[in-house]
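Subject: Structure handover

Dear colleague,

I am passing on the structure below, and after it I describe what turned up when I went through it. Please keep it open beside this message as you read.

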Amino acid sequence: MVDTAEGTPDVREPTAEDIKEQGNQCVRSGNFKEAILHYTEAIKMSPNDATLYSNRSLAFLKENLFYYANDDAEKTIQLRPDWAKGYFRRGEVQTAAGHYDTALLAYGRALQLLPNDITIINAARKTAGLSSQEAKMAKRHPWIFVGAGAVLGVIITLADKFLAETPSLKHPSLAIFLIVVLAVVGYGIYRVYRYMVNAQRKGNLEAPVDLLEGFQKQEETEDIPESSSAARNRYTKAQARQRFRKGKNT
């Protein structure tokens, strides 16, 4: 703020850089929602600044808004395809959303631009570790679920044999059949579990549903003035019959 010749303070309008710095301060203090607002305002003033989209991508990511974070990362790459930060942001978002293979590709591209960046290297190693761990668990999980079902079948069989007054599984083939069925059920539960995990990961990067879109369209329709011809034609059935009779009598 400076003083004019008349002594009246002249307030300088904040620039996009000023507002970006306010967003950076919010990020440093952990106030990511407010940071998003500052970055969005700065983007309105400077829509081609890749740094603003990169910073807002980070803020969105901290709020687990993966779709918007990924969208800003892609915008960063679009504006500055030779800047490693855009690919790094993409890798961060894809890792958080559980898309490890896509994240590793993004980190690989970032390392092509900045081969010795320790931050990118560590992030890529972490994602590679998560991908390897998931691959191992994908091999183990089916057997764990099948084994749990089989163990449950054995427990039921033993309980029926030693605790029930009148055992239902008298023939060994029935006991074996029950164990096999429960093992298959365990595998089915595993398949449902994997489907839910994959669906959740896919949904992480899908555009959220705009719940207000329908209401906004309805309001826009209601705001359209009714034409005079349509207004003249709006009569009740009784009014229409009365007008018809008058027309016949004339």
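Two residues are said to be in contact here when they have heavy atoms within 4.5 Å of each other. Please bear in mind throughout that this is a predicted model.

I then looked at how some of the helices pack. The axes of helix 2 (residues 32-45) and helix 3 (residues 50-62) come within 9 Å and cross at roughly 155°; because angles over 145 degrees count as roughly antiparallel, helix 2 is roughly antiparallel to helix 3. Their crossing is left-handed. On the side of helix 2 the residues that meet helix 3 include Phe32, Ala35, Ile36 and Tyr39, while on the side of helix 3 Leu52, Tyr53, Asn55 and Arg56 are among them. By class, this contact of helix 2 with helix 3 has ten nonpolar, two polar and two charged residues.

The second pair is helix 5 (residues 84-96) and helix 7 (residues 118-162), whose axes come within 11 Å and cross at roughly 25°, which makes helix 5 roughly parallel to helix 7. This crossing, too, is left-handed. Ala84, Phe88 and Thr95 of helix 5 make the contact with Thr119, Ile120, Ala123, Thr127 and Leu130 of helix 7, and by class it has five nonpolar, three polar and no charged residues.

Finally, two single residues deserve a look. Lys20, in helix 1, counts as buried at 11% relative accessibility, and, leaving aside its neighbours within four places in sequence, it is in contact with Tyr39, Ala42, Thr51, Leu52 and Asn55. Asn64, by contrast, is exposed, with a relative accessible area of 54%; Asn64 sits in the loop between helix 3 and helix 4, and its phi is near 60°, a positive value in a residue other than glycine.

Methods
Residues are numbered from 1 along each chain as its sequence is written. This is a predicted model: local features need pLDDT of at least 70, side-chain atom pairs count only at pLDDT 80 or more; totals for chains, interfaces and linings use all residues. Side-chain values use heavy atoms; hydrogens and water are left out. Axes are lines fitted to C-alpha atoms, for helices over the stretch in contact, and angles run from 0 to 180 degrees between N-to-C directions. Helices (H or I, at least four residues) and strands (E, at least two) are DSSP runs, numbered from the N terminus. Angles under 35 degrees count as roughly parallel, over 145 as roughly antiparallel, 65 to 115 as roughly perpendicular and the rest as oblique. A crossing is left-handed if the near helix is turned anticlockwise from the far one by less than a right angle, and right-handed if clockwise. Ala, Val, Leu, Ile, Met, Phe, Trp, Tyr, Cys and Pro count as nonpolar, Asp, Glu, Lys and Arg as charged, and the others, Gly among them, as polar. Buried means under 20% relative accessible area, exposed over 50%, partly exposed in between (1.4 Å probe, protein chains only).
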